[in-house]
Amino acid sequence: MVVRKVIIFFLLGTVSLNVSAQAESKMEEMRSRAFGARNTVVKKAEAAADSAARMAMVDSLKRETDTAPSFPGGEMFLQAYLKKKILHSDVKGKGDVVVGFNVDKKGNIYGAEVTQSTNATLNTAAFNIVTGMPRWKPGLSDGKPADKPATVTISFGKEE
């Protein structure tokens, strides 16, 4: 009788472990399905966010790839260069002269002309200053150097 009780106890334990294992397996499967569904929604949201980020990156790169020509060192160096050239030009008179020109793919200046003038003497001095400038950093179009227009305003007259 004791042996029967032990065998029955053993069989009941095995059956309960088997049922428990099946239930655990079923629960795990249900969890993974639910997580999978949630994961799919998360993946779709991440894909949309990645797509938006990629589009923003492309837009910013496009903005960076279309640039105007610039003086080597930037605007501060351009102003210092112009101030030095105006002091050494020994030109008498006051006024602003705007000179338009093009910068080629290698940074050379060509096609300079006075677009806004004060008087002939200042125009000639401004034209000579612009055509004597060092090479500029060329402008970019679609990320490649391209011929682009530029303008410089030269202010003559002593600042006190």
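The model is predicted, so local features are reported only where pLDDT is at least 70 and side-chain atom pairs only at pLDDT 80 or more, whereas totals for chains, interfaces and linings use all residues. Residues are numbered from 1 along each chain as its sequence is written, and side-chain values use heavy atoms, with hydrogens and water left out.

**The sheet**

Helices (H or I, at least four residues) and strands (E, at least two) are DSSP runs numbered from the N terminus, and two strands are said to pair if DSSP finds at least two bridges between them. Three strands form an open sheet in the order E2-E1-E5, with antiparallel pairing. Because E2 and strand E5 (148-156) stand at the edges with a single partner strand each, one side of each is left without a neighbour in the sheet. On average, neighbouring strands of this sheet are turned by 25° against each other, direction ignored; axes here are lines fitted to C-alpha atoms, for helices over the stretch in contact, and angles run from 0 to 180 degrees between N-to-C directions. Helix H3 packs on the sheet and touches E1, E2 and E5, its direction making about 35° with that of E1, where contact means heavy atoms within 4.5 Å.

E1 and E2 are joined by five bridges and run antiparallel, while the antiparallel pair of E1 and E5 has nine bridges. Gly-100 takes part on both sides, with Glu-113 as its bridge partner in E2 and Thr-151 opposite it in E5. Asn-102, in turn, has Tyr-110 as its bridge partner in E2. E1 is mostly covered, with seven of its nine residues buried; buried means under 20% relative accessible area, exposed over 50%, and partly exposed in between (1.4 Å probe, protein chains only).

The hairpin of E1 and E2 has five residues between the strands, and among them Gly-107 takes a positive phi near 95°. Asp-104 lies in this loop, between strand E1 (95-103) and strand E2 (109-116). Although Asp-104 is buried, it has no salt bridge, and the nearest side chain of opposite charge, that of Arg-135, is 6.6 Å away. A salt bridge is a side-chain nitrogen of Lys or Arg within 4 Å of a carboxyl oxygen of Asp or Glu; Lys and Arg count as positive and Asp and Glu as negative, with His and the chain ends not counted. The side chain of Asp-104 instead reaches the backbone nitrogen of Lys-106 at 2.9 Å, and one of its polar atoms lies 2.7 Å from the backbone nitrogen of Asn-108. Beyond four places in sequence, Asp-104 touches Tyr-110, Pro-138, Ala-146 and Asp-147.

Arg-135 lies in the loop between helix H3 (120-131) and strand E3 (139-141), and it counts as exposed because its relative accessibility is 52%. Its side chain makes a polar contact with the side chain of Asn-108 at 3.0 Å. A polar contact is a pair of N or O atoms within 3.5 Å; within protein, one must be able to donate a hydrogen and the other to accept it, and residues adjacent in sequence count only if both atoms are side-chain atoms. Not counting residues up to four places away in sequence, Arg-135 also touches Pro-72, Lys-106 and Gly-107, among others. Arg-135 and Ile-109 are 26 residues apart in sequence, yet 7.0 Å apart in space from C-alpha to C-alpha.

Lys-148, found in strand E5, is likewise buried without a salt bridge, and its nearest side chain of opposite charge, Asp-66, is 5.2 Å away. The side chain of Lys-148 reaches the backbone oxygen of Leu-140 at 3.3 Å. Leaving aside neighbours within four places in sequence, the contacts of Lys-148 include Phe-101, Asn-102 and Val-103 as well as Gly-139, Leu-140 and Ser-141.
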